[in-house]
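The stops below are given in the order in which to select them.

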Amino acid sequence: MNEQQQAERITRRAAGPSLRDRLRSAAAAHSIPLKVEIELTKRCNLRCVHCYAATAVAQPEVETRRWLQVVDELAELGCLGVVLTGGEITLRSDFLEVARRVRERRMALSVLTNGTPVSDEQLDELARLKAGVGVSIYGATAATHDLVTGVPGSFDRAVRTLEGLRLRGIRRVLHTVLMTENIDEFSDIVQLAETLDCRYLFDPSVVPRADGSDDVLVHRVGGDRLREFYAHSALFNKTREGRIAREPGEPEGRVPGACAAGITAAFIEANGDVLPCMGFPPAFGNIVTGTFGEAWSGPIAQEHRRMMNQPLAVCGQCALLGYCTTHCPRLAYLETQDMTRPNSRACELAQMVRELRSELSGSGTVC
């Protein structure tokens, strides 16, 4: 961080909460769902080794007409942005019909895809709709990416989709789940994203499957390799962990309600269940048997918000709180049945950030 960037950060802090923070605070006070993720299908054409889905058994899916109604309901409730996802979203032949309704209701539109079955016609329509598109990339090479997805040729097709997005001027993000299979290539993935002229996001949180099984955690990166990743010069200003490790002054601890799940954000599963976020039970309700608004304002949702604003049972007294970037109520609930308690991944990352900060401070490189 140079002197100008440091001065800008100090100025922003002195100015108080950002417009985004003020908007979220006002929305939280009135229970407005600013951002809702819609899972149109759980079907997928890939077999990723780290996949959250527990089974390939066919699941019931909400019909098109009802999804269009739900989009209208979200708009009436003040929603500003909708994310359409799967499974693999393009396996729903009607996904563009739902996408068009989102834009007709003047909400921001994002689409998440693995990039393999996307046609030129679909790309043309996404460009017309001014959608933002996220594409999953699990390696800098076909060998690594295809090893993760279990489908030969999936890397080349995903990269071709990213190139098609670039040629059409579509906002695009390269999404990578950081895991043992690709940790050696993270800097090359950054270079790939820069070559394709797109933003990139890394997620270090390989999580247990939907059925609670933790066999996928063997793919989770930890220890020195994780610290090496966050210390990399290309990433320290692009990740929360890197920024905390390098910014001046004492880091500030997160507060209750810092997570938007169920407060200003929601996730609707392919079967219609309304959740705080993906895989975070219990369901507030179901949009097949009722409206989104009924689920969002119902007793289960209200109890969830009450719990989300409770003092953090253990974290509040933890010396690592200021370094904690991933206190995830969902993971805490899945591990302990208590969303106010810590989750093991958050603790591991917080310890890593503190160690990295100490190392950088000792070498005089903390800005």
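Start with Ser31, which is partly exposed, because its relative accessible area is 28% and the cut-offs are under 20% for buried and over 50% for exposed. The model is a predicted one. Ser31 lies in the loop between α2 (19–29) and β1 (35–39). Check its backbone: phi is near 55 degrees, a positive value in a residue other than glycine. Most residues other than glycine have a negative phi, and most peptide bonds are trans.

Select Gln337 next, in the loop between α13 (329–336) and α14 (344–362). Its phi is also positive, near 65 degrees, and Gln337 is not a glycine. Is Gln337 buried or exposed? With a relative accessibility of 54%, Gln337 counts as exposed.

Then go to Pro281 and Pro282, which are joined by a cis peptide bond with omega at about -5 degrees. Pro282 sits in the loop between β8 (273–275) and β9.

**The sheet**

Colour the strands. There are 9 of them in an open sheet, and the order across it is β6-β5-β4-β3-β2-β1-β7-β8-β9, with mixed pairing. At the edges are β6 (199–203) and β9 (285–286), each of which pairs on one side only.

Now zoom in on the β6 end. Between β5 and β6, which run parallel, there are 5 bridges. To find one of them, select Val177 and its bridge partner in β6, Asp203. On the other pairing to look at here, β4 and β5 are parallel too, again over 5 bridges. Select Ser136 to find its bridge partner in β5, His175.

Helix α4 (residues 95–104) lies across β2 (81–85) and β3 (108–113), and its direction makes an angle of about 155 degrees with β3. Helix α8 lies across β5 and β6, at about 155 degrees to β6.

**Helix α7**

Select residues 154–167, which make up helix α7. This helix has 14 residues and spans 20 Å from its first C-alpha to its last, close to the 20 Å expected at 1.5 Å a residue. Which of its residues are buried? They are Ser154, Phe155, Ala158, Val159, Thr161, Leu162, Gly164 and Leu165. An α-helix has 3.6 residues a turn, so residues three or four places apart point the same way.

To see what covers these buried residues, show α5 (120–128), β4 (132–136), α6 (142–149), β5 (171–177) and α8 (186–195), which are among the covering elements. Following α7 is Gly169, with a positive phi near 70 degrees.

Return to β6 and show its side chains. In a regular strand the side chains alternate between the two faces of the sheet. In β6, Tyr200 and Phe202 make up the covered face, while Arg199, Leu201 and Asp203 make up the uncovered one.

The structure holds 7 aromatic pairs. In one of them, the ring centres of Phe202 and Phe229 are 5.1 Å apart with the planes at 75 degrees, so this pair is edge-to-face. The pair links distant parts of the chain, since Phe202 is in strand β6 and Phe229 is in helix α9 (residues 223–231), 27 residues apart.

Stay on Phe229 and look at Tyr230. The centres of these two rings are 4.8 Å apart and the planes are at 80 degrees, so the pair is edge-to-face. Phe229 counts as buried at 1%, and Tyr230 is buried at 2%.

**Last stops**

Select Trp296 and Arg305. The charged end of Arg305 sits over the Trp296 ring, 4.3 Å from the ring centre.

Finish at Leu19, in helix α2. Leu19 counts as exposed, with a relative accessibility of 62%.

Note on methods: Residues numbered from 1 in each chain as written. Heavy atoms only, no water. Helix = DSSP H or I, 4+ residues; strand = E, 2+ residues; numbered from the N terminus. Expected span 1.5 Å × (residues − 1). Buried < 20%, exposed > 50% of the residue type's maximum accessible area, 1.4 Å probe, protein only. Contact = heavy atoms within 4.5 Å. Pairing = 2+ DSSP bridges. Axes fitted to C-alpha atoms, helices over the stretch in contact; angles between N-to-C directions. Phe/Tyr/Trp six-rings, centres within 6.5 Å; stacked < 30°, edge-to-face > 60°. Lys NZ or Arg CZ within 6 Å of the ring centre and 35° of its normal.
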